[in-house]
Structure formats: structure tokens, C-alpha cells
Amino acid sequence: MSTQESEATQNLTLVQSVRDALATEMERDDDVLVMGEDVGKNGGVFRATEGLWKEFGEDRVIDTPLAESGIIGTAVGMAAMGLKPVPEIQFSGFMYPGFDQIVSHMARLRTRSRSRFTLPMVLRAPYGGGIRAPEHHSESKEAFYAHEAGLKVVIPSTPYDTKGLLTSAIRDPDPVVFLEPKLIYRAFRGDVPEGDYEVPIGEASVRREGSDVSVFTYGAMTRPSLEAAEELAEEGVDAEVVDLRTVSPMDREAIVESFKKTGRACVVHEAPKTGGLAGEITATLQEEALLYQEAPIQRVTGYDVPYPLYAMEDYYMPNAARVAEGIKDAVEF
Amino acid sequence: MSTLERDPRESMVQVLDEDGSVVGDVPDVGDDELVEMYHNMKLARHFDTRAVSLQRQGRMGTYPPLSGQEGAQVGSAMALAEGDWTIPSYREHAANLVRGMGLERTLRYWMGDERGNSPPEGVNVFTAAVPIASQIPHATGMAWADKLKHGGDPENAYICYFGDGATSEGDFHEGLNFAGVFDTPNVFFCNNNQWAISVPRERQTASETLAQKAVAYGFEGVRVDGMDPLAVYSVTSDALEKAKSPGEGERRPTLVEAVQYRYGAHTTADDPSVYRTDEEVERWKAKDPIPRLEAFLRNQGLLDDERVDAIEEAVEEEVAAAIEEAESTARPDPSTMFEHVFEEAPPDLAEQAEEFAAIREKYGDEAFLEE
């Protein structure tokens, strides 16, 4: 996977590794450019594009008017002409004004034109809750994009994966929605190689091996899932934690393989339960591994309410305690 | 006075009067090209008539007719240089044919075969966009990419077509606003055909004209008689030239408002008699672009009865050949449905393709096809 294993590493936060991936790919490929509101001189509201404007100039790190459909729609035009735009939407909760461009064109241009026109673009957005943000800044709507054929949807959970996955996304000949869990933008650091490397899109990663129950999760929820697994280990429950990394295409093989080993599952995401990807994972296990199933599959998710203002968000977001309850329900059935 | 009542000649560029006499500056177009313009317009009109008829006979799906708009489409498209790009809406069959999209492809698209929406390699036409105004930001992005790739000095111009209804959409504003800010080589060509399905132009905007909206984006807006192909050619040529090499202090983009009329329904699924009068239609038919250009060409000695007859005959043959070709093309193989989603199908999709192939193999295509 890593093409330059021996190279020096840096200790970066997740958001720094976003910046590192962008800089590395922009250095490597003149067609890559970054565009969006505040991405230039300001370096992005989360500093994901810090310093790029100075390094690559205003024609490659472009401050655009505040217009989500305009940002995504013009990126579609640029990508169709062979550039590799990486538009940023400042918060995923603001993607809706550009939704028509995402589903009608970004996802469909290859199909509509029978591959005459293709879109090597990556739509980035900080996503998810837990940072005490105002209204419409904390949504977790990855299921919208995963439901749309023609899009790949990536959600990293570590600095290493972030750089490798974003690099793969930029090099992908097809459009990718890259959702960055902003709760863990700066929550911890990790070793990230200085050179370029790819983490393949569509492959899950087993973060903790275990034999009693499988926890399927991704993004910011990987940490409370691991935390719960460690806590329960003290009580004698050996949980395996699988981080999907890409929610579309989903690594069904890894999911099924883990479940066949444990026979029990708890799926964790912060998105609302109804229509969420936990349902998709559950259905996959019903289709592929019914006879291995020892207990009902548990779903630990956000509630079916609009994302609450921050006085209540700690109660909305799944935490280690809720994950532990879900695991116990699966194990004790 | 409502827009529909107002004399459309008001503050509009015009070259030919309604009777074809010259009232403005005739653009520099060669004799052969003038006859070709007439030929293309006749071809588009005949194609349109036949396409509506095919739909009525159940040989084609829903189709958006263009009759009345031949002058705007052919006049503008003929002004383009070979390398320039056309970004159409879904009604630009005539503009597209001028740019090298075969009529059989247009037919196939409306017959439900997506291959018809894949312009041949080397034909600089973008795919037809059905969601209103959504192609406008694409046009800006394409023009912007050209400018970025060539150090700020773009090689080509990008003409984007849309209707009057599109000017109410956010994408119109966002696309034109980006074009103004980044000074991209765009021509935004609004086919103001007076009606967005049943909603009249006055319900789209309180602005006196659509062209004046350009002021808000910091570039020029021009109003032209869209049923006067020579005026359209002239205005579009100027706009294309400015897009590629603007004069001192000029911005590259232009918004052209081509004032015209859609004679028929919005699509074959629509019945315009519900929302407009025969009298109104007749009043606009008096401005028909085809007899206007024909009268001009006859006055110039470029056309006579014999040549007109020959063109009519040629046009009928061309359309018949296109229909024959479209209808004799085999349906697309259904497995190709899976082939144009991603460059490489992810495992789930590959599995669905296999499942589909197996069930098709087992039951045969007759089990799937409606008869």
C-alpha cells in the first residue's frame, strides 16, 4: 500500500494530513487545484488548506464566491475539461445548495455521456458533530451520497489513512465525496509518511482484532468504538473493531468475514438510524451470513431528530457507554 | 404593456425586418455560408416536424420541439469557431447539428438510448442537460479551465444555451457570477422563448429585459431579435471574439438575450392551448426566421424557386436517413448500464452486473421487454 515505506514520517493531526495530501498531490500534478470559500489566503476555516495559496498561487488555490452550487458546478466543468479540482464545501451541512450538481451531474456525467466525459474530482467537506458548532454545522448525511450511484464516499479516521485515501481520491478517475470527521481533526496525532502513498478506496481496516463480536464503524465513531472494546475486554468480552474507511463502495467482504468469525455484530455511526448505513450493513449480513448469526444485530446510531444544538449534542452522539451497551446486547443475547 | 404585447424590436439588434428587408448591418458571411444557414434552418424545421410526428406515432419518447427557434440556434452556432464549445440545454437540436452532432444521435437520445447523448470524439458539444440552468456553472467551469490551462489566455470560447425560465434559477446567478469574477471566455445565450412551460416571461422576473441582468455580474448584456438569424450571427460573433480577445477594459463574458417564440409545446407531453392564445402564436409566426432569411437570399440572388425546391428535397432526404439510421440501430446492450458508472466497477457493482447477466441468460430478453 505505502509506496515509500522507508521514508521519513511526520507526526500530524488528521487535518494536517489533509493539507499534506493536497500539497503533495499539487506538487506532483499541475492539474490538481483547490477551490472553495476561504480556502485561499485564509487557509480554510479549519486550516485544511493552510499555506497552499502562498505555495501554489491564486490560480491553483482559488477563493471562490460563496455559492455551493457554483463551486461544485464549475468544478464539474473543470473536471470535464481534464483538470482535477478538489472543491471544498466549508461544512457538509452546507452541501445541500449544491446537491443538484452532486446527484444530477457529478454522479452521472460518465453515464450520461457514455464515458465521453468523466470527472476526476474530489468534493471535500468537514462533517459530523461534536465540536459545539452552530446549527447546520454538524450533520452526518453520508447515506445521501452513498445512496447515489456514481459516487465514491470516503470517511477516514486516522491521519495516515487520511493522506493515503485523499491521495487515492485525487488520482481516482471518478468523482469522490471525501467527508472529514471534524471532531477528530485535532484530537490526536499519528505518523504520516512525508512522500506520497495511497490507501486504496473501498478497503476496510481491522483496528482491533477480537473473537466475540464485530463492531462495524467509521470516521469519528471509530474511537468510542475502540474505547468500548477496551473497556469490555476487562470484562472478558473480546470485540473486533472494523473501520470501513470507505462507505461506498463498502468492503462487504471484510464485513462478512469478520461476522463469520464472531457471529455477532454492533454497527456504530453518528448519523440518524432510519435509512442510515447501519441498515445497509445489517442487510448485507442477512444476505451473506445468516447462518453464522448468533444474535440480533445491534445498531448504535444518532437519533432520528434534526441534529440538536450543542447544549444537547453530547446526548445525541453515540459514546463509548452506548457502544458498550450495544456490544453487550449482541453478546448477551 | 406586458412583454408579450410589447413590440420585440424595441431596443434589440436587428438586421432583417419581418419581410426580410435589411434594416441593420449585414454581418460578413459568405454566400455559400448564407445558403447553408438557410439549409440548416429548413433542416431543423423539418426535423422538428418529423420528430413530433414520431412521438405521436409512439416511435419516440417525450421530445422538446424547437420550431420558431431555428434562427437563434443556427445563427449562433454558425458563428462558432471549430474549437469553441457548445454547452446545450435539451432543446438545442439545431445548434448541435451545426456543430457536428448527427441528427440520428439526437433522435436516439430521445428514443431512450443514452449513446445519443455522447457527442462523437472531436465534436465540441457537451451533453444535453435536463435540470434547468444546471449546465450554466459547467460552462463557466469549462471556460475557466481553458483559461487556467493556458496561462490566462484561453484558446476557445464556450457558448451555453438556456431558456428564459433558467434565469430564475440559482445556477444561472452562480454560473454568471463566477464568470464575471473570474473573467471566463463565456457566451451565455438565453433563448427567451416567452414561456417556461406555462409560466410566462413576466412571472420569471420583474426585470424589464433579461439581458440587463448582465449588469449585476459586471459584464455586457445584449438583446437581439432571436428570429433574425443574421442579427443573432452578428451579436454572437462579437461576443465570441470578445470572449477570446477582449478589448481594453472589457470583460470576456456576454449575456445574449435572443427574443423569440416557441411555436409548439414545451415538450410533446405539454398542451400549450391551456395557457396561450392562437392569436398570440399567429402574431409571433409573422416573425418566422425562415421566410425572412429566404426573402433576403432571394433579394440577393442567392435563392430562387428551383434552389429552394432542391433544398427542401435534400432536407427531407437527410431527415429520412437520420430516422432510418436511428430506428435501425440496435438497442444498447443492457449490460452497458453497468459499464459507464465508474471507470472500473467496484465489487458490489460487478456482482450486480453478474447477477443481471445470469437472470437474463436464464429467462431471455423477451421476459424483460415490454411489447
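**View 1. The two domains of chain B.** Chain B splits into domain 1 (31–332) and domain 2 (333–371), with bounds that come from an automatic or database domain assignment. Taken over C-alpha atoms, the centres of these two domains of chain B sit 36 Å apart. Keep in mind that this is a predicted model, where local features need pLDDT of at least 70, side-chain atom pairs count only at pLDDT 80 or more, and totals for chains, interfaces and linings use all residues. Residues are numbered from 1 along each chain as its sequence is written, chains are lettered from A in the order in which they are written, and side-chain values use heavy atoms, leaving out hydrogens and water.

**View 2. Where chain A meets chain B.** Here 45 residues of chain A touch 44 residues of chain B (contact: heavy atoms within 4.5 Å). Together the two chains bury about 3,500 Å², 62% of it on carbon and sulfur atoms (accessible area, 1.4 Å probe, lost on being put together, summed over both parts). Met81(A), Arg114(A) and Arg116(A) supply 23% of what chain A buries against chain B, more than any other three residues.

**View 3. A salt bridge between the chains.** Glu343(B) and Arg110(A) pair up through their side chains at 3.8 Å, N to O. The count between chain A and chain B is three salt bridges (a side-chain nitrogen of Lys or Arg within 4 Å of a carboxyl oxygen of Asp or Glu).

View 4. On the side of chain A that touches chain B, H3(A) gives the largest share, ten residues (helices are DSSP runs of H or I, at least four residues, numbered from the N terminus).

Definitions and conventions: Helix = DSSP H or I, 4+ residues; strand = E, 2+ residues; numbered from the N terminus.
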